[in-house]
Amino acid sequence: MKKQTLTMIAILTILSLALAACGNQPEATPAPAEIVSSSDVVAEGRLEPIQGANLFFQARGVVEEVLVSAGDTVSEGDVLVRLANAGGAEAQVVVAQNAYDVLLRNESSDRAKLWQAYMDAQIARGKAENKWEDLNVDSIEDSIEDDKATIEDRQQDVADAQEDFDKYKDLDVDNSKRKNAEDDLEQAQDDLNQAIRDLEATIRKRDEVRADYDAALGLEAEAKYQYEISLDGPNSDQLSLAKANLDAAKDTLSNYIITAPFGGTVADVNVKVGEQVTAETRVISIANFNTWVVETTDVTELEVVKISKGQTVTLIPDALSDLALSGTVTEISQAYTQQGGDILYTVRIAVAENDPRLKWGMTVEATFREVVQQ
């Protein structure tokens, strides 16, 4: 059909426009009579909806429900077909969605609780700070030095008592001198142990108050941090985790149900309830037939250089020779395909009109030319 003589093209174009006008097709606009230039490019193309998709399951299973028929109008997100094992995945989506929504819903309440925790931490820190400031640290440290000196004295007492005991340790255990020396050594050791405990108690008077103050400072800093990050919404880590869980549950569910990726018309349903399907089974086809495009299939390298974006194109479907449509070049492929000995480029054309007789996949003759009006 492509590359007819220029004379025949002109005659057929005029006849097809006249027939279209007589057929009273209101959505297709007949083109005025034109003179064909020698620079014309005539190509074949295929009619495609502006949006169209063949949909497949991502898992093997048995079809439980087919909720649409060919010709039905659907909206984006509508469930079209589902497998029998979709129920468990749907339950997981509900659980994950609820967890995510709870974080968002409780945002104000959680922030109020975090604010109160921050205020409580400030009060606790203030009390600990007052205790630390009221503490006479210099006096305690003087007492510590005194206790250390006492320990040194007690240590010397133990050494002296040990020396005395060593003089009598070989005597009979009932010997009075040995017994007295042993008692003196035990008393000296007890006095040393008590001196060490006294030092530890004195140090605690300082360190316990300081430890309480440092802990209060840490708790206040953490409470402040948690409150401040809540100002931008729920805790980002928790929210990210909840969102990731929700997305994962939806991805799993998408293996077992097919939803409409966009609003349009169901072009074909290829499965029945009870049928076993796999990931290779085409389940349903959907398209938006409100707007059409044509993609050429045979524009060569010698012809593509004569075509430019925005150029007007006359389109005649092979099956509807009485219908002349106008179009505009919207895209010219920068990549090529090789067919036989020809280098081919795809040209995409936006169709300006619609007609109820147009069908997905129809072949179309596209004429790109410079037009001289009569």
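Helices (H or I, at least four residues) and strands (E, at least two) are DSSP runs, numbered from the N terminus. Glu 220 has its place in helix α5, which covers residues 176–230.

This is a predicted model, in which local features need pLDDT of at least 70, side-chain atom pairs count only at pLDDT 80 or more, and totals for chains, interfaces and linings use all residues. Residues are numbered from 1 along each chain as its sequence is written, and side-chain values use heavy atoms, with hydrogens and water left out.

**Glu 220**

Buried means under 20% relative accessible area, exposed over 50%, and partly exposed in between (1.4 Å probe, protein chains only). With a relative accessible area of 13%, Glu 220 is buried. Contact means heavy atoms within 4.5 Å. Leaving aside neighbours within four places in sequence, Glu 220 is in contact with Tyr 118, Ala 121, Gln 122 and Arg 125.

**Nonpolar cores**

In soluble globular proteins, nonpolar side chains tend to be buried together. A nonpolar core is a set of buried Ala, Val, Leu, Ile, Met, Phe, Trp, Tyr and Cys residues joined through side-chain atoms within 4.5 Å. The largest one here has 31 residues, and Leu 80, Val 81 and Ile 284 have the most contacts inside it. Two or more residues of this core come from each of β2 (41–56), β5 (79–83), α2 (87–105), α6 (236–254), β6 (257–259) and β9 (282–296). Helix α2 gives the largest share, five residues. Apart from this core lies another, of 25 residues, including Val 294 and Met 362.

Not counting residues up to four places away in sequence, Val 81 touches several residues, among them Phe 57, Glu 65, Ile 258 and Ile 284.

**Salt bridges**

A salt bridge is a side-chain nitrogen of Lys or Arg within 4 Å of a carboxyl oxygen of Asp or Glu. The structure holds 17 of them, including these:

| Pair | N to O distance |
|---|---|
| Glu 65 and Arg 82 | 3.2 Å |
| Glu 129 and Arg 125 | 3.1 Å |
| Arg 357 and Asp 355 | 3.0 Å |

Glu 65 lies in strand β3 (residues 61–66) and Arg 82 in strand β5, so their bridge ties together parts that are 17 residues apart in sequence. Glu 65 is partly exposed at 33% relative accessible area, whereas Arg 82 is buried at 12%.

Glu 129 and Arg 125 are four residues apart in helix α3 (residues 107–134), so about one helical turn separates them. Glu 129 is partly exposed, at 22% relative accessibility.

In the last pair, Arg 357 is partly exposed at 26%, and Asp 355 is buried at 2%. Salt bridges that share partners also join Glu 64, Glu 65, Arg 82 and Glu 90 into one network.
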